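These are my notebook entries on one protein model. I took the ligand site to begin with, then the domains, then a few local details.

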Amino acid sequence: MEINAHSLSTRHVLGIKYLKPEDLRLIIKTAAHFKEVINRPIKKVPSLRDITIANLFFENSTRTRISFELAEKRLSADVINFSASSSSVSKGESLLDTVRNILSMKVDMVVMRHPLQGAPVFLANKISANIVNAGDGTHEHPTQALLDLYSMEESIGDITGRNIAIVGDIRHSRVALSNIFCLKKLGANVRLCGPPTLIPKNIETLGVEVSHNLRETLEWADVANVLRIQLERQNISYFPSLREYSLYFGIDKKLLDSLDSEVVIMHPGPINRGVELSSDVADSQQSIILDQVENGVAVRMAILYLLASKN
Ligand code: NCD
């Protein structure tokens, strides 16, 4: 494959926080190549032949797990899948023991989702395999931010100096934090919008603006990345009811059609239809939600390929 750029500055993709702007650009450029590959009649390339990748999912996932597996298979890697619910984790085995056992079977790379913040960083200090963070608690979800970046730029061009809104449950979302780091590193203007209880105090120190007015935010934005209300992470009540949340922060067609400009709608999935987005918005021409899913495979192929070529 002909990608003449330099290599990534790190051996792992643990978070956008640890990547340089040049790394982000290299991943996006490489992903564009792989997007062309996966649209060919023969979608498979031999780039990762003889590389074994373990997908370790200690937390539920549909899209991300399938997307990684597909990316690995399109690159001809050997793949093993592990999910915590059907493993010895439920018998009390530690994270390190589980992973060391898997690695002793000669695994080269680990893709990991874990409910605890920092789990991939912890592992990266203990084992030699390359690690890709597929989501750690409420911390980071770097591959989602990169596929979001790819999809935004496919839709509106270079995001430098453009206005990007992130709407919804910022407090509990790893997608929000990774998106903020990614967009700010590349020079976009970022505004967060949601109820005050779902926006962490002092988040402005990351260089973002905060608004509690959805209409004004959407008038300002070129793109709105709309996030799911993470009820499973909320142990207290952050707003009176889903109905009230939806009234103030849900996006429906009537609201979109009443705006002066056309904003691109994104969502990482899974969508709570009728809460953060109405169905007619999720399925509208303005939504690029399914493009995000398609681009996820190309972006993950790019990351795995670039990590493997560093070894
Ligand atoms: C996100 C996640 O798991 O953090 N989903 C995803 O990876 N596609 C967002 C979410 O769960 O709302």
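Entry: ligand. I looked up R174 and found an N or O atom of its side chain 2.7 Å from an oxygen atom of the ligand. I count a polar contact as a pair of N or O atoms within 3.5 Å; within protein, one must be able to donate a hydrogen and the other to accept it, and residues adjacent in sequence count only if both atoms are side-chain atoms. The side chain of T64 also has an N or O atom by the ligand, 2.9 Å from an oxygen atom of it. At G269 the backbone takes part: one of its N or O atoms is 2.9 Å from a nitrogen atom of the ligand. I then listed the residues around the ligand, meaning those with a heavy atom within 4 Å of it; among them are R63, R113, H141, R228 and P270.

Entry: sources. The model is predicted, so I note that local features need pLDDT of at least 70 and side-chain atom pairs count only at pLDDT 80 or more, while totals for chains, interfaces and linings use all residues. Residues are numbered from 1 along each chain as its sequence is written, and side-chain values use heavy atoms, with hydrogens and water left out.

Entry: the peptide bond at P270. I checked the bond between G269 and P270 and found it cis, with omega about -5 degrees. P270 sits in the loop between β9 (264–266) and α10 (279–282). Helices (H or I, at least four residues) and strands (E, at least two) are DSSP runs, numbered from the N terminus.

Entry: domains. The protein has domain 1 (16–140 + 293–308) and domain 2 (142–290), with bounds from an automatic or database domain assignment. Their centres, taken over C-alpha atoms, are 25 Å apart. Domain 1 gives 32 residues to the contact and domain 2 gives 29, where contact means heavy atoms within 4.5 Å.

How much area do domain 1 and domain 2 bury between them? I noted about 2500 Å², 60% of it on carbon and sulfur atoms. Buried area is the accessible area (1.4 Å probe) that two parts lose on being put together, summed over both. I16, R25 and T138 supply 23% of what domain 1 buries against domain 2, more than any other three residues.

Entry: salt bridges. I use the term for a side-chain nitrogen of Lys or Arg within 4 Å of a carboxyl oxygen of Asp or Glu. The structure holds 13 of these salt bridges, and five are between domain 1 and domain 2. R174, already noted at the ligand, forms a salt bridge with E59, with the closest N and O atoms 2.8 Å apart. D158 and R25 make another, at 3.7 Å from N to O. That pair links distant parts of the chain, 133 residues apart: D158 is in the loop between α5 (142–156) and β5 (163–167), and R25 is in helix α1.

Entry: D50. I looked up its backbone and found a positive phi of about 75 degrees, although D50 is not a glycine. D50 lies in the loop between α1 and β1 (52–57).
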